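Hi,

Here is the structure I promised to pass on.

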Amino acid sequence: MSGTIRVDVSLGDRSYPVLVGAGARRELAPILRDTVVTGGARRAAVVTQAGIGLEVDPGIPFETFTIPDGEHAKELGTIGELCSEFARMGLTRRDVVVGVGGGVVTDVAGFAAAVYHRGVAVVHVATTLLGQIDAAVGGKTGVNLAEGKNLVGAFWQPAAVLCDTEVLDTLPERELRAGLGELAKYHFIGGSAAEHWLSSTGKNDLSALPIDERVAACVAIKAEVVSSDETEGGRRALLNYGHTLAHALEIAERFDLRHGEAVAIGLRYAALVARMMGRIDDQRVAEHERVLEAYGLDTALPPGVDHDEIIELFGRDKKATDGITFVLDGPNGLEVVPNVDPSVLRSALERM
């Protein structure tokens, strides 16, 4: 399609394209015909939510399965119900799952595809900014438990991702803002992909790029990280910048906060923690606040947050293999820092 930007996630024989641009969803049928399964996929199971309202044409026979709205859909019961529907449909490894929606849909559809028949192909049509720049790319899938977010899941790479920027025009303001929280994160990850993209466009800041290029730049940054560390053994953990507090807040607030909203708060908090540990200076903290303010993001803790509960939830985070672990900024950029002193974390919460 003319005007579509292609970014490849390089993973050897499991590499796949991410297509970004207005109308990219219309590439679904050719993708399913040519690249997903040898000889072409026979049928598709389309997983979506009632509020998405985006119709796609897989170009092959398909059935549509609708999961509940909101973060509460991310539970093991939803995965069981979907897999039962796949079995009733007679889905096989010659078929494909298509996730149409935001991060909740891509997490759920991807996880169901990963575990049904021990793995069937999945293609994502990402309909939110957050989904396009983060959730749909990279193969992380999962659901929540009462004890924490994304504690059950699998790494299962999609066969392709379609990021149709045309659909962003109809996003509710709060949904768009949630995506901007994740977008702000990419300002601090850096890497050669970020440098190349900005230099090729003559810009010095992601926020100065047109929306198609901004989405593609974020995808390129994530693709570079995922290609070097697919299963989060090292550098990929940097993509969780701002997420330790974010995930804790989502659980504590019963998902009243959108993920990207929580990430924005988590980014400011992580900067404060790094400053209190002497890893960065006041100027770098101010840079975090400048970026977040430029996107119009609220960075205040919700009223009434229980600090003791938040500290306890930090200890349940997936990164917490050696004490409470945070991704923090420092003189060499972002790093994974284990055994962060709880008293520092508590003091930073009080400063928020």
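**Salt bridges and the sheet**

Let's start with Arg254, which is exposed, its relative accessible area being 56%. Keep in mind as you read that this is a predicted model.

Arg254 has a salt-bridge partner in Glu309, with 4.0 Å between the closest N and O atoms. Glu309 is partly exposed, at 27% relative accessibility. What does this pair tie together? Glu309 belongs to helix H11 (residues 307-314), while Arg254 sits in the loop between helix H8 (243-252) and helix H9 (259-276), so the bridge links parts that are 55 residues apart in sequence.

Some salt bridges also share partners: Glu71, Lys74, Asp107, Lys149 and Glu250 are joined that way into one network. How many salt bridges are there in the whole structure? The search comes up with 29.

Arg6 counts as exposed at 54% relative accessibility, whereas Asp8 is partly exposed with a relative accessible area of 40%. Then there is Arg33, whose side chain meets that of Asp34 in a salt bridge at 3.2 Å, N to O. Arg33 is exposed as well, with 53% relative accessibility.

Now for the sheet. It is an open one of seven strands, with mixed pairing, and the order runs S1-S2-S9-S6-S5-S3-S4. Which strands stand at the edges? Those are S1 (5-9) and S4 (62-67); each has a single partner strand, so one side of each has no neighbour in the sheet. On average, neighbouring strands are turned by 20 degrees against each other, direction ignored.

At the S4 end, the pairing is with strand S3 (residues 44-49), in the parallel sense and over six bridges.

- Helix H2 (residues 76-89) touches S3, S4 and strand S5 (96-101), and its direction makes about 165 degrees with that of S4.
- Helix H7 (residues 211-228) touches S1, strand S2 (16-21) and strand S9 (160-164), and its direction makes about 10 degrees with that of S1.

Cheers

Methods: Residues numbered from 1 in each chain as written. Predicted model: local features only at pLDDT ≥ 70, side-chain atom pairs only at ≥ 80, totals over all residues. Heavy atoms only, no water. Buried < 20%, exposed > 50% of the residue type's maximum accessible area, 1.4 Å probe, protein only. Helix = DSSP H or I, 4+ residues; strand = E, 2+ residues; numbered from the N terminus. Pairing = 2+ DSSP bridges. Axes fitted to C-alpha atoms, helices over the stretch in contact; angles between N-to-C directions. Contact = heavy atoms within 4.5 Å.
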